[in-house]
Amino acid sequence: SGPVTVLDSKALERALTRICYEIVERNEGLGQLVIVGIRTRGAYLARRMALKLSSLSDVDVPVSELDITLYRDDLDPNEHRERPQNPVVSDNNVPTNLAGKTVVLVDDVLFTGRTVRAALDALVDTGRPDRILLAVMVDRGHRELPIRADFVGKNIPTSLNEAVDVHVTEVDGEDAVTIRKV
Ligand code: 5GP
Ligand code: MG
């Protein structure tokens, strides 16, 4: 059996809009808000959220991006077990002074939590924001760290032999979330 659509383009758009209203509810005025997307697809979702949030308020909500690269730390070359890959921030255009700011970190899929952890390290080290919130389009479960999202488009309990595909118009020509067996 082929991929199953979990969110079509209208549902994905509704989820983004709903998350933006939830962010507005949690922040008195949006003046201190900064949106930070994790490339690739999280960054496109972040840009759209910044536009929606700007149109919901009278301020321009700034958006920036982080790039995360996976490193396999082969500490013991005799160890044959697959080690988890270690994500680190490899590039970003996030402001270095986020004092007084509330950052909403945005990604497409939350899985083990390791990517978000790397992003949080970088934000805390370089920008020192007052507060960080996490928004993801899909929470697929299987966390390996104590990390949870504040805003979730769709909770999709998955098995490890399923993959979630988040399609965004900017890269994939359409918006959708699908799951498939791998
Ligand atoms: P984590 O670091 O939480 O294990 O994985 C999250 C990161 O890997 C996100 O940046 C996300 O883009 C990617 N990712 C992990 N699992 C999936 C998945 O099932 N589907 C997609 N599209 N991305 C995933
Ligand atoms: Mg990613």
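Analyst: This is a predicted model, and in it ligand 1 is surrounded by Asp-107, Asp-108, Val-109, Phe-111, Thr-112, Gly-113, Arg-114, Thr-115, Arg-140 and Val-164.

User: How do those residues divide into nonpolar, polar and charged?

Analyst: The shell around ligand 1 has three nonpolar, three polar and four charged residues. Strand E5 (102-110) and helix H3 (114-127) each supply at least two residues of this shell, and E5 gives the most, with three.

User: And which polar atom of Val-164 is 2.5 Å from the ligand, backbone or side-chain?

Analyst: For Val-164 it is a polar backbone atom, which is 2.5 Å from a nitrogen atom of ligand 1. Taken alone, ligand 1 exposes 490 Å², and the protein buries 75% of that. Thr-115, in turn, has a polar side-chain atom 2.6 Å from an oxygen atom of ligand 1, while a backbone N or O atom of Gly-113 lies 2.7 Å from an oxygen atom of the ligand.

User: Where does ligand 1 sit?

Analyst: Ligand 1 sits in the largest pocket.

User: OK, new topic: how many cavities of 30 Å³ or more are there?

Analyst: There is one cavity of 30 Å³ or more, and the largest cavity has a volume of about 30 Å³.

User: What lines the largest cavity?

Analyst: Its lining includes Leu-16, Ile-19, Leu-45, Met-49 and Val-106, and also Asp-107, a residue that is likewise among those surrounding ligand 1.

Conventions. Residues are numbered from 1 along each chain as its sequence is written. Chains are lettered from A and ligands numbered from 1 in the order in which they are written. This is a predicted model: local features need pLDDT of at least 70, side-chain atom pairs count only at pLDDT 80 or more; totals for chains, interfaces and linings use all residues. Side-chain values use heavy atoms; hydrogens and water are left out. A residue is near a molecule or strand if one of its heavy atoms lies within 4 Å of it. A polar contact is a pair of N or O atoms within 3.5 Å; within protein, one must be able to donate a hydrogen and the other to accept it, and residues adjacent in sequence count only if both atoms are side-chain atoms. Accessible areas come from the Shrake-Rupley method with a 1.4 Å probe; for residues, only the protein chains shown count as cover. On a 1 Å grid over the protein atoms alone, a cavity is a set of points where a 1.4 Å probe fits but cannot get out, and a pocket is an open set with protein on both sides within 12 Å along at least five of seven lines; lining residues have an atom within 4 Å of a point. A molecule sits in a cavity or pocket if more than half of its atoms lie within 2 Å of its grid points. Helices (H or I, at least four residues) and strands (E, at least two) are DSSP runs, numbered from the N terminus. Ala, Val, Leu, Ile, Met, Phe, Trp, Tyr, Cys and Pro count as nonpolar, Asp, Glu, Lys and Arg as charged, and the others, Gly among them, as polar. Grid points are joined across faces, edges and corners, and a volume is the space filled by probe spheres set on the points.
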